[in-house]
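Visitor: I have a new chain on my screen. Please show me how to read its features.

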Amino acid sequence: MSDIFDYLDWRGDIPFSADPFNEVDALVLAELSYVDFSEIVPGAMDLNMREPVADELTDQPQMPAVSIETACSRFWDRHTEEEIRSSRTLFSKTPFLLKKMCSGARFGNMKLTAYVNYVSAEQNLQISVVTCLLDDGTVFVAFRGTDDTLIGWKEDFSFSFGNETGGQRRAAKYLNVLSWYIGSEIPVRVGGHSKGGNLAVFASAFCDRNMKNRITQIYTFDSPGFSDEIIRDTKMQEIFPKIYSYVPEETIFGLLLEKGFEYEVVKSTAKGIWQHDALTWKIKRNRLERAEAVSKMSFLLEKSLESWIKKLPVEERKELVDIIFSTLNESGWENLSEITSDQIRNISGLLRAYHELESGDKRFLWETVGKLAVSGAKSLSEELQVKLISQLLGKDEIRPEEELEDQQEA
């Protein structure tokens with residue numbers, strides 16, 4: 001049984017010339033994006049930077065970059081191991097990943113550039129991204145997933161509204177600007193974990209054509225999907241063959257909304273929602289260890305949420321998200337870790353904020369949650385039907401996709 005850290009111990013000294021870039025490398029770089037590189041990695045381009053006019057560029061412009069060794073040294077000059085280990089966030093271990101990457105030939109010569117970390121409550125968006133210059137002559141653009149801020153989580157819920165979010169638009173612009181600063185012949189890979197994977201796919205689909213044609217692979221790790229409207233867009237469908245998508249067995253986030261492309265199921269050492277932490281995913285040599293299918297619980301939850309979301313008009317979805325997050329903000333919280341740190345005090349604050357809601361908002365909240373309960377009950381009823389069908393067919397176990405086919409045939 002091994003994980004990303006073991007992978008770097010065992011294969012970190014093998015250069016790309018001996019073992020080409022693989023899916024585990026993509027996951028390593030996606031996880032690296034969770035490290036706070038503020039004032040460590042050059043942010044030569046920010047999200048408000050205009051794209052250069054062609055006749056302004058006499059030579060290939062250069063963006064300042066730092067070696068991963070320098071980035072690691074700067075980070076640990078600012079932080080102690082005790083401080084990092086005491087962090088309550090899901091991604092507190094990623095700085096230790098940075099340490100291991102420096103010590104091997106595989107990533108030891110990598111450079112980092114174009115770091116962006118932008119959060120805006122007014123615009124309801126959170127985006128962070130770093131570009132990795134690998135010594136095999138390729139580029140990997142790593143979009144960070146949702147951070148600890150409630151602003152970031154609110155934007156995640158906004159994916160169900162149908163239209164693109166501010167973070168998605170800025171992700172596409174990032175690739176557009178980046179294309180001016182890297183050689184036109186350099187292959188580009190894009191990826192991310194959680195919301196980072198969603199941003200990677202969206203940006204790859206809707207960036208300018210000159211960048212889009214250079215993207216060779218797109219990696220998503222337990223990432224939510226998109227609205228039907230975006231999935232049907234021809235620009236999105238063009239990139240489906242380039243997408244490599246992975247979810248853990250007990251995924252929740254990875255089955256939200258539509259994907260339109262296939263995904264692989266992988267094993268994890270964790271249980272339930274904690275499988276979202278990709279540092280718990282099992283590695284076998286140079287690939288993620290596969291599982292047969294997502295768990296029945298994940299499949300039922302996905303069906304329940306899908307049915308619930310599709311029954312809610314877009315305006316009601318927006319209203320629900322606004323009510324939930326305004327209630328959380330009124331409770332005095334800004335970060336997810338604050339909610340889980342002191343449950344007794346936080347429940348009290350949440351109840352106080354709930355009682356201060358207007359009666360119409362309270363009624364809407366309960367009616368909407370009630371629809372979710374009905375969707376869940378319907379999915380459970382269908383699951384019982386599936387069990388009966390599987391017995392009639394003489395099968396001990398059937399995969400979720402087979403369940404749907406069998407129900408339709410029945």
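**Reading the fold**

Guide: Begin with contacts along the chain. Of the contacts with a separation of 6 or more, 73% join residues 24 or more positions apart. Keep in mind that this is a predicted model.

Visitor: How many helices and strands are in the chain?

Guide: The chain has 17 helices and 10 strands. It has 410 residues, and buried residues make up 51% of them.

Visitor: How do I read a sheet? In what order do the 8 strands stand?

Guide: Strands of a sheet pair through backbone hydrogen bonds, either parallel or antiparallel. Here the order is E1-E2-E3-E4-E5-E6-E7-E8, in an open sheet with mixed pairing.

Visitor: Which strands stand at the edges?

Guide: Strand E1 (65–67) and strand E8 (264–266) do. Each has a single partner strand, so one side of each lacks a neighbour in the sheet. From one strand to the next, the twist averages 25 degrees.

Visitor: Do E7 and E8 pair in the parallel or the antiparallel sense?

Guide: Parallel, over 3 bridges; E7 covers residues 243–248. Look for Tyr246, which stands opposite Glu264 in E8.

Visitor: Now the helices on the sheet. Which strands does helix H8 lie across?

Guide: Helix H8 (residues 195–206) lies across strand E3 (125–133), strand E4 (139–143), strand E5 (188–193), strand E6 (215–221) and E7. H8 runs at about 145 degrees to E5. Then find helix H3 (residues 68–78), which lies across E1 and strand E2 (111–120). H3 runs at about 80 degrees to E1.

Visitor: And how do I read two packed helices?

Guide: Two packed helices are described by the angle between their axes and the distance between the axes. Take helix H7 (residues 166–178) and H8: the angle is about 60 degrees, and the axes are 8 Å apart. H7 and H8 are therefore oblique to each other. Their crossing is right-handed.

Visitor: Which residues in H7 meet H8?

Guide: Gly167, Gln168, Arg169, Ala171, Ala172 and Leu175 do. On the H8 side, they meet Asn198, Leu199, Phe202, Ala203, Ser204 and Phe206.

Visitor: At what angle do H2 and H5 pack?

Guide: Helix H2 (residues 23–32) and helix H5 (residues 94–102) pack at about 125 degrees, with axes 9 Å apart. That makes H2 oblique to H5. The crossing of H2 and H5 is left-handed. H2 makes the contact with Val28, Leu29, Glu31 and Leu32. H5 brings Thr94, Leu97, Leu98 and Met101.

Note on methods
Residues are numbered from 1 along each chain as its sequence is written. This is a predicted model: local features need pLDDT of at least 70, side-chain atom pairs count only at pLDDT 80 or more; totals for chains, interfaces and linings use all residues. Side-chain values use heavy atoms; hydrogens and water are left out. Helices (H or I, at least four residues) and strands (E, at least two) are DSSP runs, numbered from the N terminus. Buried means under 20% relative accessible area, exposed over 50%, partly exposed in between (1.4 Å probe, protein chains only). Contact means heavy atoms within 4.5 Å. Two strands pair if DSSP finds at least two bridges between them. Axes are lines fitted to C-alpha atoms, for helices over the stretch in contact, and angles run from 0 to 180 degrees between N-to-C directions. Angles under 35 degrees count as roughly parallel, over 145 as roughly antiparallel, 65 to 115 as roughly perpendicular and the rest as oblique. A crossing is left-handed if the near helix is turned anticlockwise from the far one by less than a right angle, and right-handed if clockwise.
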